[in-house]
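Trainee: I am new to this structure. Could we go through it by question and answer?

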Amino acid sequence: MAVVELRQLVKEFDSGRVRAVDGVDLTTEEGEYLVLLGPSGCGKTTLLRTIAGLEQPTAGDVLIDGHVVTGLPPRARKIAMVFQSYALYPHKTVLANIVFPLRAARIARPERERKAHWAAKLLGIEHLLARKPRQLSGGERQRVALARALVREPLVFLLDEPLSNLDAKLRASARDELKTFQQEIGTTTIYVTHDQVEAMGLGDRIAVLSDGRVRQLGHPVDVYDDPADTFVARFIGSPPMNLVPRDGHLVGFRPEHLLPEDVLPAGADRETVPFAVDRIEYLSGDRHVYGTVSGLGEATRVVARLPATVGTPISAGESYDFVVARERMRFFDAQTGHRSEAVRL
Amino acid sequence: MTVTATDRRTSDVAGMHTARRRLADRDSALAWLFLMPSVVYILALVAVPFVLAVGFALSDVTAGDPSYDFVGFRNFERVFDDPVFWRSLGNTFLFTAVSMALIVVFGKVLANILVAEFRGKWIVRFLVLLPWTTPVTLGAIAWLWLLDSIFSPIDWVLRELGLLGRPGALLGAESNLFWLGEPDLAMGSVIAVHVWRLTPLAAVIMVAGLVAIPRDLDEAARVDGAGFWRRMFEVTIPLTLPVIAVAALFGAIFTFTDMAVVDVLTNGGPNNATQVLTSWAFFRGIDGGDVGQGAAIALFLFPLLLAAAIAILRAVRRMEVG
């Protein structure tokens with residue numbers, strides 16, 4: 001177990017024309033599952049590759065377990081990485097794939113075999129050891145890649161979108177297994193994904209990245225409930241947070257907090273907003289209600305998500321009085337996008 | 001009259017029925033049409049000469065007396081009794097095997113250099129490819145000058161370095177090495193020129209194989225702790241093996257069938273020390289006028305080239321499957 005620390009990390013490409021990582025400071029906790037989340041092109045994979053030593057930073061330092069490893073090659077960093085493609089050696093059997101890092105470390109054969117079987121057993125792939133990667137399914141390949149990473153007993157696991165090649169159903173179960181697996185071995189893990197569901201489900205903490213910067217670092221609940229800026233507010237949540245412009249500020253509230261008037265008790269500290277509904281979607285029991293709110297600020301198109309437990313009849317083309325609990329509102333500066341003080345409504 | 005959309009559609013359909021299928025629509029006819037040029041080419045320039053060669057090998061045709069008389073295997077018997085033939089056959093194998101091995105090793109080294117990123121890469125690529133783009137004969141003539149028995153610049157460099165031309169020097173006290181005059185050096189020279197000429201081709205083929213390897217694999221191996229040599233021998237080479245095989249076989253075939261290098265550099269000498277099947281067949285059949293014997297010698301190339309061609313096709317097939 002170890003702590004990974006990034007100090008003012010900068011990575012430029014094309015002699016400074018592209019700044020993929022733009023001054024990132026980030027420190028993991030011991031044994032933590034840290035997720036780097038962001039849209040494609042935000043620099044999250046570059047950041048991971050810089051930690052791995054596959055990219056040299058333009059400026060700044062990477063520390064693993066208290067040691068500066070910036071100048072060290074990947075093999076000297078005691079890390080293990082699982083690639084998006086899994087990068088299994090296609091000409092080697094599963095067993096040969098798993099023992100490859102151990103052979104590179106010149107570990108004796110009996111010890112290699114023992115470790116390989118231990119990892120294979122942990123991941124439930126013992127029966128596949130004699131096969132070649134092309135004879136495996138996507139899920140099996142992912143486990144082999146994990147086993148290969150595991151046998152090195154690394155200080156840190158680096159995972160680059162390891163679930164993105166799996167189909168939706170398998171992804172859900174693999175996500176669950178990945179989390180259990182990490183809790184079992186307790187190794188610090190840095191996980192890159194663009195999928196907020198994976199990030200929310202797996203991460204002890206989430207670092208939301210955009211344009212090479214960390215926009216917010218926090219527990220899933222903080223990132224969701226208290227976004228640091230409008231980027232995080234719009235990027236996380238499906239549908240994303242509604243933002244209503246009002247006097248140089250933006251009033252934000254999550255779709256599930258925009259509710260019909262009769263749902264919140266009348267005594268509650270709430271804001272009533274007239275809501276002109278124009279379209280309704282039924283999605284897995286929830287109702288997504290699209291329409292325009294007025295009264296909070298400028299008239300803005302927003303979404304309300306009504307859970308299955310809310311039965312209030314709503315139909316398109318009608319206007320209703322909806323409410324938002326005042327404690328659920330978040331305020332942002334319209335210019336900078338950063339969080340601001342609450343605005344009197 | 002107003003034409004409604006429905007009317008227009010009906011007339012289109014009628015037009016479609018009346019239109020005849022054109023040649024361009026008939027796949028089977030087109031297939032033959034497009035195949036014909038290559039079929040004619042192969043028949044006229046491969047099959048006919050091959051049958052002719054077999055025919056001549058069993059005849060007493062000479063340049064002076066072109067009348068065809070069947071003589072059975074007499075040409076082969078005479079060829080087998082000729083020590084120069086055995087020398088040529090041995091040389092052909094020796095040159096091919098040594099050149100092929102060196103071409104693969106140097107080609108691999110060059111390929112690794114060519115896929116690396118560095119400043120001035122284009123000029124290195126250009127220089128590396130130059131020998132392959134030079135016509136064989138021109139290249140061989142340039143080497144003829146380099147290996148000249150008196151004015152060889154190589155000898156001059158060796159003399160300047162003190163390795164040659166003074167008493168007690170490493171390579172002898174004589175002023176020249178006589179590259180093409182000493183049997184062993186002449187054989188080495190012929191091999192060197194083949195390697196020089198064919199290494200770029202092998203390198204380019206191997207570069208194509210190297211860039212086809214997903215970058216992830218090399219990076220995974222680096223993260224897994226493998227150093228340069230382990231990555232090369234355990235990841236890169238196994239994955240490019242079919243491509244390396246193709247490069248090796250191309251090198252072998254080009255060396256095996258080439259007579260220009262031998263012809264220009266040594267003319268088979270000294271004393272037939274560098275004679276190969278192709279040059280010996282040429283000297284016997286064309287220069288010597290004994291067409292029957294020349295054809296018989298040349299036919300010995302056939303089984304070996306056939307084996308090489310099969311090996312190439314199998315390697316290519318493995319690439320497709322893998």
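Mentor: Axes are lines fitted to C-alpha atoms, for helices over the stretch in contact, and angles run from 0 to 180 degrees between N-to-C directions. Keep in mind that this is a predicted model.

Trainee: At what angle do the axes of α4(B) and α8(B) cross?
Mentor: Helix α4 of chain B covers residues 83–115. Its axis comes within 6 Å of the axis of α8(B), and the two cross at roughly 45°.

Trainee: Is α4(B) roughly parallel or oblique to α8(B)?
Mentor: Angles under 35 degrees count as roughly parallel, and 65 to 115 as roughly perpendicular. The axes of α4(B) and α8(B) cross at roughly 45°. That angle makes α4(B) oblique to α8(B).

Trainee: Is the crossing of α4(B) and α8(B) left-handed or right-handed, and how do the residues of the contact divide by class?
Mentor: α4(B) passes α8(B) in a right-handed crossing. By class, the residues of this contact are 20 nonpolar, four polar and one charged.

Trainee: Is B:Ser189 buried or exposed?
Mentor: B:Ser189 sits in helix α8 of chain B, residues 183–211. A residue is buried if 20 or more other C-beta atoms lie within 10 Å of its own. B:Ser189 has 23 C-beta neighbours inside 10 Å, so B:Ser189 counts as buried.

Trainee: Which residues is B:Ser189 in contact with, leaving aside its neighbours within four places in sequence?
Mentor: One of them is B:Leu147, which is 42 residues from B:Ser189 in sequence but 8.1 Å from B:Ser189 in space, C-alpha to C-alpha. With those sequence neighbours left aside, B:Ser189 is in contact with B:Leu147, B:Trp179, B:Leu180 and B:Leu265.

Trainee: How do α12(B) and α13(B) lie, roughly parallel or roughly antiparallel?
Mentor: Helix α12 of chain B spans residues 277–287, and helix α13 of chain B spans residues 291–298. They pack at an angle of about 165°, with their axes 7 Å apart. Angles over 145 degrees count as roughly antiparallel. Therefore α12(B) and α13(B) are roughly antiparallel.

Trainee: Which residues of α12(B) and α13(B) make the contact?
Mentor: α12(B) passes α13(B) in a left-handed crossing. The residues from α12(B) are B:Leu277, B:Trp280, B:Ala281, B:Arg284, B:Gly285 and B:Ile286. Those from α13(B) are B:Val291, B:Gln293, B:Gly294, B:Ala295, B:Ile297 and B:Ala298.

Trainee: Which element gives the most to the side of chain B that touches chain A?
Mentor: The contact takes 14 residues from chain B and 16 residues from chain A. On the chain B side, the elements that give two or more residues are α9 (215–223) and α10 (228–257). The one that gives the most, with six residues, is α9(B).

Trainee: What do the buried residues of α9(B) pack against?
Mentor: In α9(B), the buried residues are B:Ala220, B:Ala221, B:Arg222 and B:Val223. They pack against α10 of chain B, and also against α1 (44–52) and β6 of chain A.

Trainee: What separates the centres of the two domains of chain A?
Mentor: The domain assignment of chain A gives domain 1 (4–225) and domain 2 (241–333). Taken over C-alpha atoms, their centres are separated by 39 Å.

Trainee: Which residues does the cis peptide bond in chain A join?
Mentor: Most peptide bonds are trans. In chain A, a cis bond with omega of about -5° involves A:Pro239, which lies in the loop between α8 (230–235) and β11 (242–246). The residues joined are A:Ser238 and A:Pro239.

Trainee: Is A:Ala87 buried or exposed?
Mentor: A:Ala87 is found in the loop between β6 (79–82) and α2 (94–104) of chain A. A:Ala87 has a positive phi of about 50° although it is not a glycine. There are 25 other C-beta atoms within 10 Å, so A:Ala87 is buried.

Trainee: And A:Asp247, is it buried or exposed?
Mentor: A:Asp247 lies in the loop between β11 and β12 (249–253) of chain A, and has a positive phi of about 45°. A residue with 12 or fewer such neighbours is exposed. A:Asp247 has 9 C-beta neighbours inside 10 Å, so A:Asp247 counts as exposed.

Methods
Residues numbered from 1 in each chain as written. Chains lettered and ligands numbered in written order. Predicted model: local features only at pLDDT ≥ 70, side-chain atom pairs only at ≥ 80, totals over all residues. Contact = placed C-beta atoms within 7 Å. Helix = DSSP H or I, 4+ residues; strand = E, 2+ residues; numbered from the N terminus. Domains from an automatic or database assignment. Left-handed = near helix turned anticlockwise from the far one by under 90°. Nonpolar A, V, L, I, M, F, W, Y, C, P; charged D, E, K, R; others polar.
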